[in-house]
Amino acid sequence: MFDKIYNNKKVLITGHTGFKGKWLTLWLSIMGAQVYGYSNEKKYFSNIFFNKKIININGDISDFFKLKKLIKKVKPDFIFHFAAQALVSESYLSPHKTWISNVMGTVNLLESCKNIKKKLCLILITSDKAYRNIEKNSGYKETDELNGNDPYSASKSSADIAIQSYFKSIFNKKKNIKGAITRAGNVIGGGDLSKDRIIPDFYKAYLNKQKLIIKNPSSTRPWQFVLEPLSGYLLLGKLLYQNKINNYEAYNFGPKVNYNFRVVDLIKEIQNNNITLKFKLTNKKNKFKEAKLLKLNSNKARTKLKWNSVLTFKETIKFTIEWYKGLIQGKNNKEMKKLSIFQIEEYYRKAKKLGLDWTK
Ligand SMILES: NC(=O)c1ccc[n+]([C@@H]2O[C@H](COP(=O)([O-])OP(=O)(O)OC[C@H]3O[C@@H](n4cnc5c(N)ncnc54)[C@H](O)[C@@H]3O)[C@@H](O)[C@H]2O)c1
């Protein structure tokens, strides 16, 4: 897969202990990459996703000198930048920390790469929330305005603009630095325990035999399985490395526009997986304002990168619930690692059946 481009390559992942970072670390390890991970905390489930070969560096993305020194020393072939304060609710409580991590953290990373002489591909993750949300039904395109409202969304819009500025005015003079911005929708899957996210909330309520309180049951989100955008990020890295796409562009990664589901649909589908869940729907206003409708238009990735999503909504929930069921049934770390690797392999098999280019 990915033309074996990642085999024996040095890949730095910032935020590798987070939800997306852990899955990418595992996937890259399977493909033979030497992964370096830079994160400020060792989060849950690391033992499931990491092996002894991974080089873990504990550090803050706001520590410019540490990050710069690391990049100079490692000389990575690829950097996937995930590190961020990634929760909207937390951004209301800690706006300053959110801005420092998300905006200055990104600027620190860009600045640290400025004088690298070796070929380097940068995959920079912002968010669908970076777009100015006007509850648009046709989905946001890459050319739409970036202007988030809450501190998280605004910090992601700002990080995105900072990246574009580095692309247009600093990196464009250096042939060795390739780069792309990615804006993906809400991801779900195993391995997440973050607060105020629907799947971890379900798991915690189920485990503690509590009622799951569902705020805003009719809110719609472009949910996708965690491996869907990751396949897009890996594909982007490969195509940049092979000089097969234009440098310095942005790509959305989300399900098809007509494929959006409400919170209540997600809950119903969880129950279709032999889970008896006690829950209570409430339309009580959320403490923190979040957009009701969020849709992404990913046609650019579909046409230019030949990327596509692989799983149906039903399969997305099935993969997700299967993973948490493993934990509930008491599987140990080794068995959970086997299950996680199996899910990557199964995802790959389904993508291959669909004839997706990246599976070659
Ligand atoms: N999860 C989603 O649904 C989603 C949707 C769109 C975009 N994103 C973006 O994707 C990226 C990864 O999201 P996630 O869900 O894996 O997040 P997460 O919260 O699970 O993980 C965040 C990671 O960043 C690290 N981190 C946070 N602040 C840091 C700091 N100051 N210094 C160093 N490391 C720091 C954490 O240790 C962790 O490894 C983020 O940039 C997020 O904004 C996520």
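User: Which helix gives the largest share of the shell around the ligand?

Analyst: Helix 1 does, with three residues. Keep in mind that this is a predicted model.

User: How many residues surround the ligand, and which are the closest?

Analyst: There are 27 residues around the ligand, and Gly15, Gly18, Asn40, Ile61 and Ala84 are the closest. Two or more residues of the shell come from each of two elements, helix 1 (19-30) and helix 5. By residue class, the shell has 13 polar, nine nonpolar and five charged residues.

User: Happy with that. Now, how is a pair of packed helices described?

Analyst: Two values do it: the angle between the axes and the distance between them. Take helix 1 again, this time with helix 12 (residues 333-353): their axes cross at roughly 75° and come within 11 Å. Angles from 65 to 115 degrees count as roughly perpendicular, so helix 1 is roughly perpendicular to helix 12. Leu26, Trp27 and Ile30 of helix 1 meet Ser340, Ile341 and Ile344 of helix 12. This contact of helix 1 with helix 12 has five nonpolar residues, one polar and no charged.

User: And at what angle do helix 3 and helix 5 pack?

Analyst: Helix 3 (residues 64-74) and helix 5 (residues 95-113) pack at about 40°, with axes 9 Å apart. The two helices are therefore oblique to each other. The crossing of helix 3 past helix 5 is right-handed. On helix 3, the contact uses Phe64, Leu67, Lys68 and Ile71; on helix 5, Asn108, Leu109, Glu111, Ser112 and Cys113. Five residues of this contact are nonpolar, two polar and two charged.

Terms used: Residues numbered from 1 in each chain as written. Predicted model: local features only at pLDDT ≥ 70, side-chain atom pairs only at ≥ 80, totals over all residues. Axes fitted to C-alpha atoms, helices over the stretch in contact; angles between N-to-C directions. Helix = DSSP H or I, 4+ residues; strand = E, 2+ residues; numbered from the N terminus. Parallel < 35°, antiparallel > 145°, perpendicular 65-115°, else oblique. Left-handed = near helix turned anticlockwise from the far one by under 90°. Contact = placed C-beta atoms within 7 Å. Nonpolar A, V, L, I, M, F, W, Y, C, P; charged D, E, K, R; others polar. Near = placed C-beta within 6 Å.
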